[in-house]
Amino acid sequence: MNAAIGDETAGLAAMLAEARRVVVFTGAGISTESGIPDFRSPGGIWTRMAPIDFQDFVASAEMRREAWRRRFAMEESFAAARPNAGHMAVASLVARGKASHVITQNIDNLHQDSGVPDDKVIEIHGNTRYAKCLDCGTRMELAPIRAHFEAHGDPPDCAACGGIVKTATISFGQAMPELEMARAQAATLAADLFLVLGSSLVVYPAAGFPLMARRNGARLVIVNREPTDQDEIASLVIRRSIGETMAAAVAQ
Ligand code: NAD
Ligand code: ZN
């Protein structure tokens with residue numbers, strides 16, 4: 001017990017000390033302290049606008065224009081965002097060899113920016129800091145896409161094959177990335193402590209990983225301001241800010 005940091009955080013610190021192989025699983029909640037709004041907090045993005053499904057994006061040029069308008073409207077927030085205390089605590093768990101991987105639903109690149117090596121970040125919903133052709137997979141940077149969009153009112157087609165260009169994210173209705181899903185599963189099954197930071201755990205298949213870890217015998221810890229769908233099966237639930245909780249737990 002440690003009164004200074006709270007019993008629950010001390011509990012997390014003790015579990016981290018005992019664990020041999022931690023997997024950290026993050027959602028939008030770890031990035032709110034970096035100024036990127038989440039989806040499901042009160043006032044979150046979806047209380048204001050519905051997401052655009054993959055099928056609608058592919059089928060409609062107007063939907064694509066709307067998706068790009070929204071993306072560019074967010075650009076200042078994404079470009080200005082820096083890793084916060086939560087990201088830094090996670091990076092230190094990886095640097096110490098305590099955590100094997102970070103599985104993230106986030107698309108903001110902040111785990112990589114915090115110093116976690118690329119091969120230890122498993123992005124199951126992709127990345128919004130660049131774009132890809134849906135047909136041939138060619139990577140494109142956002143700045144030239146934005147310049148084209150502002151000049152012509154449309155995003156450019158793929159220079160290599162003429163295909164539709166989309167941010168490198170996974171939308172609702174879009175297939176999950178097979179390699180990342182396989183890597184996430186392998187990491188999950190090798191973990192003895194699975195640490196969820198800032199996810200409401202309602203989006204599947206992503207939310208299947210904590211369940212998988214628990215069934216496989218790992219401890220499950222959830223740090224989230226609001227209740228989640230998997231609190232009942234967790235070994236420990238901490239309803240506090242991720243930044244201060246993780247900074248304190250990792251400092252122990
Ligand atoms: P979510 O919005 O459904 O849930 C976030 C949870 O984090 C909420 O329950 C909220 O209470 C909690 N939370 C927010 N800030 C917190 C803080 N500082 N400390 C503790 N808890 C906090 O997010 P999700 O489960 O990740 O699902 C949303 C989907 O949207 C993801 O799949 C992701 O792809 C995408 N998304 C990503 C970003 C990003 O990259 N930063 C932002 C918004 C949405
Ligand atoms: Zn292409």
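User: What makes the radius of gyration of the chain agree with that of a compact globule?

Analyst: In this predicted model, the radius of gyration, taken over C-alpha atoms, is set against a globule rule of 2.2 Å times the number of residues to the power 0.38. With 252 residues, that rule gives a value near 18 Å, and the chain has 19 Å, so the two agree. The C-alpha trace spans about 60 × 30 × 30 Å along its principal axes. Residues are numbered from 1 along each chain as written, while chains are lettered from A and ligands numbered from 1 in the order written. Because the model is predicted, local features need pLDDT of at least 70 and side-chain atom pairs pLDDT 80 or more, whereas totals for chains, interfaces and linings use all residues, and side-chain values use heavy atoms, without hydrogens and water.

User: How do you know that T32 and E226 make polar contacts with ligand 1?

Analyst: A polar contact is a pair of N or O atoms within 3.5 Å; within protein, one must be able to donate a hydrogen and the other to accept it, and residues adjacent in sequence count only if both atoms are side-chain atoms. An N or O atom in the side chain of T32 is 2.8 Å from a nitrogen atom of ligand 1, and a polar side-chain atom of E226 lies 2.8 Å from an oxygen atom of ligand 1, so both pairs fall within the limit of 3.5 Å. A polar backbone atom of G29, 3.3 Å from a nitrogen atom of ligand 1, also qualifies.

User: How much of ligand 1 does the protein bury?

Analyst: By the Shrake-Rupley method with a 1.4 Å probe (for residues, only the protein chains shown count as cover), ligand 1 taken alone exposes 860 Å², of which the protein buries 96%.

User: Which residues come nearest to ligand 1, and what makes a residue count as near?

Analyst: A residue is near if one of its heavy atoms lies within 4 Å of the molecule or strand. There are 26 residues around ligand 1, and E33, R40, Q105, H125 and S200 come nearest.

User: What makes the peptide bond between Y204 and P205 stand out, and where is P205?

Analyst: The bond joining Y204 and P205 is cis, with omega about 10°. P205 is in the loop between strand 7 (193–197) and helix 9 (208–215), where helices (H or I, at least four residues) and strands (E, at least two) are DSSP runs numbered from the N terminus. L201 is found in the loop between strand 7 and helix 9, and has a positive phi of about 55° although it is not a glycine.
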